[in-house]
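Colleague: Could you take me through one part of this model at close range? I would like to begin with a single side chain and then move on to the strands.

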Amino acid sequence: MTREACDLLVEAGHVVPVVPHGVVLERHAVAVRDGAIVAILPIDAARERFEAREVVSRPDAALIPGLVNAHTHNPMTLLRGVADDLPLMDWLQGHIWPIEGAVIGPDFVADGVSLAIAEMLRGGTTCCNENYFFPDVQAATYRKFGFRARVGLPVIDFPTAWARTSDEYFHRAGEVHDQWRNDPLVATAFAPHAPYTVSDANFERIRMLSDQLDVPVHCHVHETAHEVTESQAQHGQRPLARLDRLGLVNDRLIAVHMTQLTDAEIALCAERGVSIAHCPESNLKLASGFCPVAKITHAGINLAIGTDGAASNNDLDMFGELRTAALLAKGVGEDASALDAFAALRAATLGGAKAMGFDHLVGSIETGKQADLVLVDLGALETQPLHHVVSQLVYACGRHQVSDVWIAGQRKLDKRILVDMDTDALVANARQWRDRIATVRTA
């Protein structure tokens, strides 16, 4: 019998498809053709059916969907550690914004994104939801390295190196959106910074364009108690109520952080189909508050997980993030079953993909989806004995156990070696940015 041709056959001791929920497939293989998954079946059956151009066999590994970082500021990887152990507004206004004002530009953004892509790939992340300036440069850099991303089109009520006026922010957003609207890997979203930095008029303009273009709105919301108090003083409403008045609380909204929520606000988000991007380690580090994950998931709200930027985390480690998310949900909810291991992994994969509008493409290992795949070596002593695959992935595994990564069937990491990125050059470039930023800080 003639065997069916495919480009890649990945054989793993365990396949965690995410869909169906709670399932682990033992000794299974995933067949890939033209960047897409064409079959998921037992290894013996796969070998009988397919003639693969490349076979990768990892009997001690778990094959999972690529992790989805649902909120990040990747150019800020170059600011990792410049202003630690400070509350949000002091960190942002007293340190980050002044440094950015001195160094931000196309080169800073391209180099920061490149460093971030390398870090994310080595940690099993294949897709991110980006929120920063110079989205044109970001998009080109993600495409250069074949990384999947939704790039935020920034809107903020003061001049920056990207734009000087509201009209210029929207004009440039339109240009970037038009350039990338049909790309298979890179898409766009509106990224108003936060309710405390964006006017009603600009939010209304964003809502109209989001509806017209059918793109998400990616915004920090209810990050701190101070933000809520300030909004009540200035607008007579909590931030979420203000966004609702302006028509933005809908299934296109990716609300980031959401540490300050009433039961009524949770019910509103559930009713309207809002996705929440939970960034537990950044929230902890900046003492911003606790996202009520147990209540959110119980209400049926789509939960995604993000790292935030490396300047406030200080890494882009999604394995660390999903572990922290699972543990924190239990402590805050006073419920050991809150955000169990399967639910945490789902939030870090399909939850992020759904929030970004990419769930038809990625987030689970299903026939017809793009082959964004990650192999995690569970054979090391740190993850032995192996009683429960997903528990080990969430509670015991580290990103250093990621061995192989593919995006749309293209190999990006081969036994921990980046395929098309020069690690030494990335490190040397990061060090020259360190020296430039140090000069700014001491000026």
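Given its relative accessibility, does cysteine 291 count as buried or exposed?

Modeller: Happy to! This is a predicted model, in which local features need pLDDT of at least 70 and side-chain atom pairs count only at pLDDT 80 or more, while totals for chains, interfaces and linings use all residues. Residues are numbered from 1 along each chain as its sequence is written, and side-chain values use heavy atoms, leaving out hydrogens and water.

Cysteine 291 counts as buried, because its relative accessibility is 3%; buried means under 20% relative accessible area, exposed over 50% and partly exposed in between, with a 1.4 Å probe and protein chains only. The closest cysteine sulfur to that of cysteine 291 belongs to cysteine 279, at 9.1 Å, which is too far for a bond. Cysteine 127 is buried as well, at 0% relative accessibility, and its sulfur lies 6.5 Å from the closest one, in cysteine 128, again too far for a bond. With a disulfide taken as a pair of cysteine sulfur atoms within 2.5 Å, the count is zero.

Now for the strands, which are DSSP runs of E with at least two residues, numbered from the N terminus, and which pair if DSSP finds at least two bridges between them. Strand 1 (residues 4-15) runs antiparallel to strand 2 (residues 25-33), joined by seven bridges, with leucine 8 opposite valine 32 of strand 2. Strand 2 also pairs with strand 3 (residues 36-42), antiparallel over six bridges; here alanine 29 faces leucine 41 of strand 3. Two residues lie between strand 2 and strand 3 in their hairpin, where aspartate 34 takes a positive phi near 55 degrees.

Methods: Helices (H or I, at least four residues) and strands (E, at least two) are DSSP runs, numbered from the N terminus.
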